[in-house]
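Q: Could you walk me through how to read contacts, burial and strand pairing in a model like this one?

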Amino acid sequence: MLFRLAFALVWITALLVDPIDAVSQDMLRSVDLNSPEMSTSDTTRAEVEALLRSAPQDAAGQRSADLEGRRLSHLDLSGLDFSGGNLRLAKLNRTNLKGARLDRAILNQAWLIDADLMDASLVKASLLGTQMQRAKLGGADLSGARIAADLSGASLIGAKLADADLSADMRNQSMGLMRGVLKSADLRNADLSGANLSRADLEFAKLENANLANCNLNHADLAGADLSDANLAGADFTGTDLASTLLPSAAALAGTRNLDKARNLNLARRPR
């Protein structure tokens with residue numbers, strides 16, 4: 001209870017300082033990630049497995065475990081099936097979730113800083129206000145997921161984000177502008193085809209050889225990002241910030257939409 005009150009106070013304080021990206025950018029300044037609350041577990045892998053087995057089944061026979069607010073940091077939970085589960089506000093910092101199934105899971109406001117989600121499946125998962133800085137998501141499947149999370153510095157090499165929604169929620173800004181934040185994230189060879197990246201923050205992101213076909217990049221921030229050899233066919237650049245962005249070849253840009261309406265196009269870097 002005390003931690004949740006502190007969480008709320010930090011959030012409100014961050015908003016007063018900087019309402020844009022306040023949640024994702026300012027919270028870590030006031031949270032001790034080495035505290036027992038954030039760095040230890042209140043259960044074991046065996047107990048988590050028991051909770052997953054005993055979770056109630058729906059009409060389709062699928063189980064949905066309730067692990068809201070649980071402390072699961074530093075545990076080895078690799079390969080477990082959390083599909084449809086409630087992990088809201090859970091602490092999973094530096095947790096091993098390699099190959100885990102988190103399809104349709106609710107991970108809103110959860111903490112997964114430095115978590116290992118290599119080859120995990122998060123299809124249609126909900127990641128709102130989730131803290132995932134430096135998480136390892138190489139080969140992970142986030143297709144169709146709703147991602148308004150902080151993935152700054154995360155590794156998503158070869159990850160699948162087709163049809164994922166990382167856009168800003170313009171209807172509900174009471175807690176600041178919620179959007180996908182992928183500052184300096186590694187998205188080389190990632191599949192973002194059809195993804196909604198409207199107003200997403202991709203500053204200095206590595207997007208070499210990434211598939212951005214038919215992406216909505218309206219007002220996204222790609223300043224300093226590397227788009228060399230990226231597939232941009234059908235991508236919409238209306239209002240996209242391209243300051244110091246390394247663009248692909250002229251042939252690759254020919255298939256884009258509204259590139260002339262991008263911001264700072266004159267400051268973008270062209271391939272040599």
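Q: Which residues does threonine 245 touch, leaving out those up to four places away in sequence?
A: Contact means heavy atoms within 4.5 Å. By that rule, threonine 245 touches Leu222, Ala223, Gly224, Ala225, Leu227, Ala268 and Arg269. This is a predicted model, where local features need pLDDT of at least 70, side-chain atom pairs count only at pLDDT 80 or more, and totals for chains, interfaces and linings use all residues. Residues are numbered from 1 along each chain as its sequence is written, and side-chain values use heavy atoms, with hydrogens and water left out.

Q: Where is threonine 245 found, and is it buried or exposed?
A: Helices (H or I, at least four residues) and strands (E, at least two) are DSSP runs, numbered from the N terminus. Threonine 245 lies in the loop between β2 and α5 (250-253). Buried means under 20% relative accessible area, exposed over 50%, and partly exposed in between (1.4 Å probe, protein chains only). Threonine 245 has 0% relative accessibility, so it counts as buried.

Q: How many residues of β2 are buried, and which way do they point?
A: β2 is mostly covered, with 5 of its 5 residues buried. Arg146, Ala148 and Asp150 point one way, while Ile147 and Ala149 point the other way.

Q: How many bridges join β1 to β2?
A: Two strands pair if DSSP finds at least two bridges between them. Here 4 bridges join β1 to β2 (residues 146-150), and the two run parallel. Serine 126 stands opposite arginine 146, and glutamine 131 has aspartate 150 as its bridge partner.

Q: Why is β1 described as largely enclosed by the rest of the structure?
A: Because 5 of the 6 residues of β1 (residues 126-131) are buried.
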